[in-house]
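Please examine the model shown below.

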Amino acid sequence: MERETDDSGITLAELLAAYSLATDLGLGQPMEHLLRSWRIAARLGTHVGLPDDEQAALFYVAMLSWVGCVADAPEVAASFGDDIAFRSDSYDVDLGGMAAYRFFLGHAGAGESAAARARVAASLLATGGRRVVRGIQAHCLIAATLAERLGLDDAVSAAVRQFFARWDGRGVPPHVGGEELSPWIRLFHVGDITEVYHRNGGVDAAVRVARQRRGRQFDPALADAFCDVAGTVLPALGDGHDPRGMLADAPVLRRCLSGSELDVALAALADFTDLRSPNRAGHSSGVAELAGAAASSLGLPAPDVATTRRAGYVHDIGLHGVPATILDKPGTLSATEWERVRVSSYYTERVLAHPAALARIGAIASYANERMDGSGYHRGASGASIPMAGRVLAAACALRTLTEPRAGRPPTSLKDAAADLRGEARAGRLDADATDAVLSAAGAGGRRRVAGPAGLTQREVEVLVLIARGAATSEVAVRLGVSRKTAATHIERIYAKTGASSRSAATLFALRNGLLDPLEA
């Protein structure tokens, strides 16, 4: 399939700003925490003389420094229970020296029996917290690796490796501190912490924590500068999420990604999202390629094929808000645990709501768990309200999930998974055409399709959508750059293949088969 190379309408900065909302979920913080933290750091940077040409690097450091939390989620859960609650609580403590040990021991084995908690605490003491240190090192390495995959400057990769270092040298790596720390990391340390305290306790609380951590976690000069201008650099608590507005003063962040660059960036984010659970490695990229191939074989227009593939990359981004203890739990989930999984699809759509070009991808991504009979989540959408792209994505996700291991079960063979999917289609939960196309793309014996429903060609699908939207024959000709006679021939063939005798009947056919996309304006 030929990939797009034109302007995607999405900048890398906007994509990372959106992804930061998912990272916020994994930190147990309200969405926009990292964006607000960056704004504090950027304003403080301007006040202390950070060169304008370094503001972009500061932005990328702010968006990526916490990304590595997905890498150690299983390990954190094994030692401290709910990894999201653990990270949320960590903002309350200056994690240097004995305070760190007290924090880790206080959270050891959280949610387990007293005996289990004692065993975990004893292990932490016996090993000197080596597992914790290894997890932090993995976090920093993962963040740096993502920066490299996104094509960012080596200095950004080096900076995010220092995220858990401290001014006093009592962080990870040990004995690295002071002026050795990147100025971007020093600025972001202040922004990351003071944002939480400002949100919860106002300007006075933010100033107080800056003074408490001065010369410890924070660069003393930056802490002093922050206290002097806190009322100016702290964003208003009512500020909303508007990435384009936030980034307006940083021209270097405005370059839009090409279609192929967007694919590369989304694939990278997909791989990092899947790190939240060892069983999900490669899941999102696999879904993306499978869904894209199936959409193409169904004859969907090229833009819809690209959107379907891209939605596959990000359909699980909302799982950042689900603790690893739930994702990797064998057996039946409780009602509360299941609700956290169910709402993850809503978070996927919410995270990807800006800008408009990304919102389109997010809307399709949020259909990954919907079912044709209304039994899916999070909307409980059914039938014609699910676009064909969403139907294909749901079938692709279902197949990949079955053929991958999950907590408490081994992977299902492709043959058995294909049989299960066909059963779901017969029961009316998955779309039959989408299922067949996905199985064919997976090499599972599905019927090889080179056309859409009723044998419509890709061009006929385009014409059907146009006439269903009210276009006259002459308008169809102009829109597609063909003669009026050719447009009329296409319409006649559409009527013959679909059994429609009028525009209304053809429109109902398009709706029934998910071709008249309800998400389009």
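**Pockets, helices and backbone**

The largest pocket has a volume of about 930 Å³. Of the 44 residues in its lining, Leu95, Phe104, Val132, Ile136 and Phe164 are the closest to the centre of the largest pocket. A pocket here is an open set of points on a 1 Å grid over the protein atoms alone, with protein on both sides within 12 Å along at least five of seven lines, while a cavity is a set of points where a 1.4 Å probe fits but cannot get out; lining residues have an atom within 4 Å of a point. Grid points are joined across faces, edges and corners, and a volume is the space filled by probe spheres set on the points.

The model is predicted: local features need pLDDT of at least 70 and side-chain atom pairs count only at pLDDT 80 or more, whereas totals for chains, interfaces and linings use all residues. Residues are numbered from 1 along each chain as its sequence is written, and side-chain values use heavy atoms, with hydrogens and water left out.

At least two lining residues of the largest pocket come from each of helix 4 (73-80), helix 5 (83-90), helix 6 (98-107), helix 7 (114-127), helix 8 (130-149) and helix 10 (183-212). Helices are DSSP runs of H or I with at least four residues, numbered from the N terminus. Helix 8 gives the largest share of this lining, 6 residues. By class, the lining of the largest pocket comprises 24 nonpolar, 11 polar and 9 charged residues. In this scheme Ala, Val, Leu, Ile, Met, Phe, Trp, Tyr, Cys and Pro are nonpolar, Asp, Glu, Lys and Arg are charged, and the others, Gly among them, are polar.

The second largest pocket holds about 770 Å³ of space. Its lining has 30 residues, and Arg280, Trp338, Tyr377, Thr401 and Arg406 lie nearest the centre of the second largest pocket. The lining of the second largest pocket divides into 14 nonpolar, 8 polar and 8 charged residues. Helix 20 supplies the largest share of that lining, 4 residues.

Helix 20 (388-402) has 15 residues and reaches 21 Å from its first C-alpha to its last, close to the 21 Å expected at 1.5 Å a residue; the expected span is 1.5 Å times one less than the number of residues. Buried means under 20% relative accessible area, exposed over 50%, and partly exposed in between (1.4 Å probe, protein chains only). The buried residues of helix 20 pack against helix 14 (283-297), helix 15 (302-314), helix 19 (356-365), helix 21, helix 22 (432-441) and helix 26 (503-512).

Gly390, Arg391 and Ala394, which are among the buried residues of helix 20, also belong to the lining of the largest cavity. The structure holds 1 cavity of 30 Å³ or more, and the largest cavity has about 50 Å³ of space. Its lining has 5 nonpolar, 1 polar and 5 charged residues.

Val314 is located in helix 15. Val314 counts as buried because its relative accessibility is 4%. Beyond its neighbours within four places in sequence, Val314 is in contact (heavy atoms within 4.5 Å) with Leu266, Thr348, Leu352, Ile361 and Ala365.

Helix 3 (residues 55-64) is largely enclosed by the rest of the structure, because 10 of its 10 residues are buried. These buried residues pack against helix 1, helix 2 (33-48), helix 8, helix 9 (154-160) and helix 10.

Helix 1 also meets helix 18: Ala18, Leu21, Ala22 and Leu25 in helix 1 contact Tyr347, Arg350 and Val351 in helix 18. The residues of this contact divide into 6 nonpolar, no polar and 1 charged.

The backbone deserves a final look. Most residues other than glycine have a negative phi, and most peptide bonds are trans. The peptide bond from Val172 to Pro173 is cis, with omega near 0°, and Pro173 is found in the loop between helix 9 and helix 10. The bond from His354 to Pro355 is likewise cis, with omega near -5°; Pro355 lies in the loop between helix 18 and helix 19. Glu32, although not a glycine, has a positive phi of about 85°. Glu32 lies in the loop between helix 1 and helix 2 and is buried, with a relative accessible area of 11%.
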